[in-house]
Amino acid sequence: MGDRTWNTADEDLIRERYALMTERISSVPFEGIVPSEYQDYFGKTAAFLLKTAEIYEKKADGQLSERSLAQCRADQEELYRHIVPENYAESYANPVYAVRMFGEEAGRLLTFLSSELEGCIAWAFQGRQFELTLLFELFVQIYNCLEEDDIRSAGDTVRCFFHDYSEIFVENQIHDMICAKDNFFIDIVMNADLADLRYLYQYGLPVGESDLATAAFLSRLPEEQIQAMADTYTEGYRLGFEAAGIDLSRKKTVELHFPIGFERIIRAAILNFRKLGLDASAAREAVSSFNNKGRMKRGIYSSSVNRQYDFDHREDRAYYFDRGFVERRLEVLRTVFEQHKEEASVYAGPAVVEVFGETPFSPESSDAAIHYDDAQQQLNVRFSSEAGQITYQYIPGEERSFTIIAFPTPEIGEHFGEIFSETVKINTLDYKKYQEMQQRLIDVLDGADRVHIVGSGENRTDLIVSILPLADPDTQTAFENCVADVNIPVGEVFTSPVLAGTDGVLHVSEVFLNGLQFQNLELTFRDGRIASYTCTNFASEEENRRYIRDNVLMHHDTLPMGEFAIGTNTAAYCMARKYRIADRLPILIAEKTGPHFAVGDTCYSHEEEVERRNPDGKRIVAKENEISALRDVDPTKAYFNCHTDITIPFDELGAITVLYPDGTSADIIRDGLFRVEGTEELNAPLLAGM
């Protein structure tokens with residue numbers, strides 16, 4: 001593996017640049033040379049940057065890990081003071097406040113800069129002087145532009161910054177994903193004293209009370225319980241390769257995603273992975289608009305300081321996102337992958353730990369925040385598609401796998417301990433038993449012409465889903481029998497619907513998607529594509545539609561139905577109802593608690609040619625639709641690079657009825673209970689809860 005680009009630079013020059021910048025920034029609060037309306041902004045921002053410089057210097061001197069718990073908390077309070085909810089209304093990081101104080105053009109520039117500079121925290125804690133220096137220089141350059149009140153030059157400076165340093169940022173991103181050597185995060189997991197909660201403050205992430213409480217809770221569990229949870233996680237990963245017929249022994253690197261506080265489980269999992277011949281890599285959650293900061297929790301992450309702040313800045317990249325940037329980034333992506341093609345070839349895929357329990361969040365939308373315009377949205381679709389194609393060229397989908405598992409956090413409430421135990425049970429259900437019951441469902445579903453799904457009570461769902469006909473029912477199946485491998489816990493059968501003839505309304509009263517709450521989400525499908533959509537989150541229909549377009553359609557004009565599935569994990573459903581946490585379940589579990597419908601790509605995106613079979617030996621043939629079939633003609637039109645599951649809970653479900661070509665029918669579910677012979681055990685939790 002070659003050195004990172006930034007390591008090839010002259011270290012003495014970097015140190016000199018850093019020293020010049022810190023000296024320059026230290027004088028900013030006292031100069032008074034920018035117009036008076038900007039002086040408070042630059043004074044406060046300079047103080048923040050000098051605090052990150054203090055953190056960096058402690059890291060460089062080896063003093064950072066010696067701080068007391070009280071000092072760790074005090075440092076964190078100072079670093080995040082400007083974005084905590086109680087201060088956010090009058091924070092320059094708040095687009096509404098910044099635009100009110102400076103006007104639209106300057107306000108958007110300065111609120112963008114405030115958020116982008118938050119990345120200094122990460123680089124200071126990691127001891128990354130080069131990246132820290134780059135952000136310090138950006139601040140000083142913007143400051144110099146504002147001395148002349150030249151907003152246009154300041155905007156050009158931002159665009160040049162992200163164009164000129166694209167190679168550095170992409171190199172960091174790819175390196176941390178596929179290279180396991182000397183990983184900052186893995187070093188903390190494997191070498192920190194996990195009994196001393198100060199270790200949580202070494203990541204350079206905001207440590208919330210939930211993160212502390214999770215670490216404390218896990219520290220009290222017996223080692224055998226920790227090992228059992230780690231075993232479930234890593235065995236699911238191994239089984240994913242086995243089920244896909246991929247030789248895991250050819251791989252060397254597994255990429256870990258997890259929230260801080262779970263280090264005991266992760267440490268045990270890393271040791272398990274090593275027995276499988278895999279070393280662990282890890283990258284922190286996005287701290288820059290360059291990598292879509294604020295979009296979703298992935299990488300190494302912690303509790304959010306302020307979810308409204310995350311929401312406000314989720315499209316900050318629009319500030320500089322243009323055709324030139326896209327061309328440059330795609331060029332750099334290919335170059336960096338080519339430089340690391342050996343590491344990419346032995347990258348096995350991600351192993352993800354998710355958490356749930358946060359209070360559902362419904363954000364406030366604002367025109368002051370930076371948003372993609374229509375042209376940028378179309379450009380972003382093109383960028384995502386082409387970036388995905390480049391990635392799949394170096395990391396082919398048919399040569400990797402993944403696994404995802406979820407656990408609750410203490411934010412879920414007073415029954416946290418009980419819910420955690422119940423979740424562990426759900427994650428370790430007997431997959432062989434579910435495999436047999438799910439095969440009974442598939443036996444009824446295979447050969448279907450269509451499936452009719454209707455809601456009950458106030459649920460307005462009335463939807464026909466078209467199913468791929470089987471040329472040879474003795475050797476083929478349209479549905480995958482999904483047990484506990486890549487998607488833990490067990491519990492679903494799914495297919496890629498035929499789009500033609502897939503029509504009707506999908507409605508759910510409340511659902512939590514991509515970290516956001518949707519109330520009365522309603523999608524209308526015509527020939528498998530979303531024709532209209534609405535919800536009731538906001539008073540304005542325009543805001544409701546924009547909310548869905550931005551966070552479900554992901555800026556596309558429409559999306560196809562990429563998946564139709566029937567969840568079978570009735571135990572998870574009943575746990576959610578018992579503790580009243582249905583609105584807090586992650587989609588990973590929620591999708592198993594009823595029928596669900598994914599909009600976007602199919603589950604087999606970029607892997608359509610990989611042969612997959614169910615445990616009964618039948619080959620799964622429903623792996624594409626009329627859109628993904630375009631991949632050999634025009635790949636840019638075949639994929640959307642998104643896949644969002646929407647679940648109807650059992651208590652909002654009237655029936656799922658299979659319709660056969662000869663006019664006969666059969667119920668899968670009727671009045672909230674499974675009706676297929678051999679699946680009676682699935683009803684036991686449901687009946688017990690009635």
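Colleague: Which residue in β7 is the bridge partner of V454?

Modeller: D462 is the bridge partner of V454 in β7. This is a predicted model, and the pairing is read from its coordinates.

Colleague: What makes β6 and β7 a pair?

Modeller: Two strands pair if DSSP finds at least two bridges between them. Strand β6 (residues 450-455) and strand β7 (residues 462-466) are joined by 5 bridges, so they meet that rule. The two run antiparallel.

Colleague: Where do these two strands sit in their sheet?

Modeller: The sheet is open and has 8 strands, in the order β13-β12-β11-β7-β6-β18-β19-β20, with antiparallel pairing.

Colleague: Why are β13 and β20 called edge strands?

Modeller: β13 (529-534) and β20 (673-674) each pair on one side only.

Colleague: Which helices lie across strands of this sheet?

Modeller: Helix α20 (residues 431-445) lies across β6, β18 (653-659), β19 (665-670) and β20, at about 145° to β19. Helix α21 (residues 541-551) lies across β12 (516-526) and β13, and runs at about 85° to β12.

Colleague: What is the strand order in the open sheet of 5 strands?

Modeller: The order there is β9-β10-β14-β15-β17, and the pairing is antiparallel. β9 (480-482) and β17 (643-647) have a single partner strand each, so one side of each is without a neighbour in the sheet. From one strand to the next, the twist averages 25°.

Colleague: How do you know that β9 and β10 are paired?

Modeller: The rule asks for at least two bridges. β9 and strand β10 (residues 492-495) are joined by 3 and run antiparallel, so they count as a pair. Within these strands, E480 stands opposite F494 in β10. Helix α20 packs on this sheet, touching β9, β10 and β14 (561-567), and its direction makes about 160° with that of β9.

Colleague: How many cavities of 30 Å³ or more are there?

Modeller: The count comes to 5. The largest cavity holds about 60 Å³ of space. Its lining residues are R67, C72, D75, Q76, L79, Y80, I121, F125, Y201, G204 and L205. The largest share, 5 residues, comes from α3.

Colleague: Which residue classes make up the lining of the largest cavity?

Modeller: There are 7 nonpolar, 2 polar and 2 charged residues.

Colleague: What is the mean pLDDT of the chain?

Modeller: The mean is 93, and 98% of the residues reach 70 or more. Over residues 1-6 the pLDDT is below 50, although this stretch has 20 contacts in the model beyond near neighbours in sequence. Where pLDDT is low, the predicted coordinates should not be read in detail.

Conventions: Residues numbered from 1 in each chain as written. Predicted model: local features only at pLDDT ≥ 70, side-chain atom pairs only at ≥ 80, totals over all residues. Heavy atoms only, no water. Helix = DSSP H or I, 4+ residues; strand = E, 2+ residues; numbered from the N terminus. Contact = heavy atoms within 4.5 Å. Axes fitted to C-alpha atoms, helices over the stretch in contact; angles between N-to-C directions. 1 Å grid on protein atoms, 1.4 Å probe; cavity = no way out; pocket = protein on both sides within 12 Å on 5 of 7 lines; lining within 4 Å. Points joined across faces, edges and corners; volume = space filled by probe spheres on them. Nonpolar A, V, L, I, M, F, W, Y, C, P; charged D, E, K, R; others polar. pLDDT = per-residue confidence, 0-100.
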